[in-house]
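I opened a new notebook page for this model. My plan was to look up a few spots and write down what I found.

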Amino acid sequence: MTTTSAGLLLYRRAGGAVEVLLGHMGGPFWSRKDAHAWSIPKGLHTDEEPLAAAEREFAEELGTPPPPGPTVPLGSVRQSGGKTVTAFAREGDFDTTTIRSNEFELEWPRGSGRILIVPEIDRAGWFSLEEAAEKLVKAQTAFLDRLREHLSPE
């Protein structure tokens, strides 16, 4: 069975450039990583419509519902672990100092019996499309290309 996630890539225009909102993955495995350790706010869904799941996951991972507005479908990608991620883009702003991510239990180190409670997203930030390409997990960089294509003049 394929694991499916849906996420929302929030973007804003800043001084003529486009910036996107990314979340740094929480937990000890990611704590000292920066390159390819960020993700769009996303999460698993099954019976839920992908856009509804993307909006729900944004609120759960960042602590605030996404801003309203027109939504652009960015399609799907398959990540290296086999998960399929469907993403949507929406223009809006978000104060990254206010995140309150949901948390999950993690056995760390694996097999130790020691359970940690860690946030799904430990911090968020705004990045240019070029910076975001260096920070996002590799498969998700396709969403940046699709956003860029959507925003480029005809």
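Which residues is Q140 in contact with, leaving aside its neighbours within four places in sequence? I looked and found S39, I40, K42 and Q79. Contact here means heavy atoms within 4.5 Å.

Before going on, I noted the ground rules. This is a predicted model, with residues numbered from 1 along each chain as its sequence is written. Local features need pLDDT of at least 70, side-chain atom pairs count only at pLDDT 80 or more, totals for chains, interfaces and linings use all residues, and side-chain values use heavy atoms, with hydrogens and water left out.

**Entry: Q140**

I placed Q140 in the loop between α2 (129–135) and α3 (141–151). Helices (H or I, at least four residues) and strands (E, at least two) are DSSP runs, numbered from the N terminus. Is Q140 buried or exposed? I read a relative accessible area of 0%, so Q140 is buried. Buried means under 20% relative accessible area, exposed over 50%, and partly exposed in between (1.4 Å probe, protein chains only). I also found a polar contact of 2.7 Å between the side chains of Q140 and Q79. A polar contact is a pair of N or O atoms within 3.5 Å; within protein, one must be able to donate a hydrogen and the other to accept it, and residues adjacent in sequence count only if both atoms are side-chain atoms.

**Entry: the largest pocket**

I turned to the largest pocket and noted a volume of about 590 Å³. Of its 27 lining residues, the closest to its centre are M25, W30, K42, Q79 and K83. β4 (42–44), α1 (50–62) and β7 (103–107) each supply at least two residues of the lining. A pocket is an open set of points on a 1 Å grid over the protein atoms alone, where a 1.4 Å probe fits, with protein on both sides within 12 Å along at least five of seven lines; lining residues have an atom within 4 Å of a point. The volume is the space filled by probe spheres set on the points.

**Entry: strand β6**

I checked how covered strand β6 (residues 84–91) is, and seven of its eight residues are buried. Strand β1 (residues 4–14) runs parallel to β6, joined by eight bridges. There, G7 has A87 as its bridge partner. Strand β5 (residues 71–78) runs antiparallel to β6, with six bridges. R78 stands opposite T84. Two strands pair if DSSP finds at least two bridges between them. β5 and β6 form a hairpin with five residues between them. In the turn, G82 has a positive phi of about 100°.

**Entry: salt bridges**

How many salt bridges are there? I got 11. The rule asks for a side-chain nitrogen of Lys or Arg within 4 Å of a carboxyl oxygen of Asp or Glu. E19 and R12 form one of them, at 2.7 Å from N to O. R12 is partly exposed, at 23%.

I then followed R56. R56 bridges to E48 at 2.8 Å and to E57 at 2.7 Å. E57 is buried, with a relative accessible area of 6%. Shared partners join E48, R56, E57 and E60 into one network. E48 is partly exposed at 28%, and R56 is partly exposed at 27%.

**Entry: L151**

Last, I looked up L151 in helix α3. Not counting residues up to four places away in sequence, L151 touches Y11, R13 and V18. The C-alpha atoms of L151 and R110 are separated by 43 Å, with the two residues 41 apart along the chain.
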